[in-house]
Amino acid sequence: MLEVKNLHVTVDGKQILNGVNLAVNKGEVHAIMGPNGSGKSTLSYVMAGKPGYEATEGEILLDGENLLEMEADERAAKGLFLAFQYPLEIPGVATMTFLRTALNAQRKARGEAELSTPEFMKKVRDAAAKLEINPEMLRRAVNVGFSGGEKKRNEVLQMALLAPRLCVLDETDSGLDIDALKVVSEGVNRLRSPERAMIVITHYQRLLDHIVPDVVHVLSRGRIVKTGGKELALELEARGYAEYQDEAALAS
């Protein structure tokens with residue numbers, strides 16, 4: 001489904017990614033772990049099409065189509081979703097309005113009919129209930145005054161409604177207490193399917209206790225230096241990233 005080939009990326013003229021190669025099949029959950037500054041968020045941002053992140057070499061293919069040749073909204077319509085580490089606040093825009101506009105914009109881009117108001121209301125209320133989201137939150141401005149847990153539940157609610165084919169979760173565990181981590185993880189796990197792939201970016205094993213990955217990668221100094229099964233995350237928790245930083249430095 002997803003193929004990242006020899007990806008090099010610069011931000012403000014500084015080289016961040018130095019030849020990332022990654023392949024993710026349908027139905028798989030991949031975890032990308034690594035120390036601060038290794039390029040994890042840069043990889044997620046360049047996939048989603050965030051301005052300022054320039055791919056100078058390589059490709060990102062989703063079902064054979066190069067995402068780098070598309071605008072951000074086109075990538076979303078193709079089925080890519082990025083859950084932010086720090087979701088933005090949008091004052092003046094009610095969460096319900098935001099969700100309906102985003103969902104119908106994607107349906108329109110795919111040649112599907114827009115949902116009627118009753119259809120949308122039923123869909124969003126059902127999804128919100130599964131994530132223990134208070135209906136009052138849906139009437140408030142997007143993420144304005146939300147706790148860390150509410151913001152992350154709102155991100156998972158968006159995923160549930162938009163039904164992307166590839167979900168990229170950038171440090172979703174940031175800002176979550178134990179209870180919120182469990183609720184958000186259960187929401188993500190309910191979205192796992194044979195037709196959907198996920199990339200979970202995190203520093204810590206604790207998130208992977210709840211969202212168990214099929215494959216774990218170590219990203220250091222802008223390249224993937226180690227790939228293994230879920231047990232690799234446990235090794236990282238016990239031993240840290242130092243040896244991989246040294247390995248990446250030698251390869252530079």
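Lys50 sits over the face of Tyr45, 4.2 Å from the ring centre. A charge counts as over a ring if NZ of Lys or CZ of Arg is within 6 Å of the ring centre and within 35 degrees of the ring normal. The model is predicted: local features need pLDDT of at least 70, side-chain atom pairs count only at pLDDT 80 or more, and totals for chains, interfaces and linings use all residues. Residues are numbered from 1 along each chain as its sequence is written, and side-chain values use heavy atoms, with hydrogens and water left out.

Tyr45 is buried, at 15% relative accessibility. Buried means under 20% relative accessible area, exposed over 50%, and partly exposed in between (1.4 Å probe, protein chains only). The aromatic pair count is 1. Tyr45 and Tyr53 form an edge-to-face pair, because their ring centres are 5.2 Å apart and their planes meet at 75°. Rings of Phe, Tyr and Trp (its six-membered ring) pair if their centres lie within 6.5 Å; planes under 30 degrees apart are stacked, over 60 edge-to-face, and the rest tilted.

His30 belongs to strand β3, residues 29–33. Strands (E, at least two residues) and helices (H or I, at least four) are DSSP runs, numbered from the N terminus. His30 has 3% relative accessibility and is therefore buried. Its side chain makes a polar contact of 2.9 Å with the side chain of His217. Such a contact is a pair of N or O atoms within 3.5 Å; within protein, one must be able to donate a hydrogen and the other to accept it, and residues adjacent in sequence count only if both atoms are side-chain atoms. Leaving aside residues up to four places away in sequence, His30 touches Leu22, Ala23, Val24, Met198, Ile199, Val200, Val215 and His217. Contact here means heavy atoms within 4.5 Å.

The whole structure holds 10 salt bridges. Each is a side-chain nitrogen of Lys or Arg within 4 Å of a carboxyl oxygen of Asp or Glu. One of them joins Asp126 and Lys122 (2.9 Å, N to O). These two residues lie 4 apart in helix α4 (residues 117–130), so about one helical turn separates them. Asp126 is partly exposed at 39%, and Lys122 is exposed at 55%.

Another salt bridge links Glu136 and Arg139 (3.1 Å, N to O). Glu136 and Arg139 are 3 residues apart in helix α5 (residues 135–139), again about one helical turn. Glu136 is partly exposed at 40%; Arg139 is exposed at 57%.
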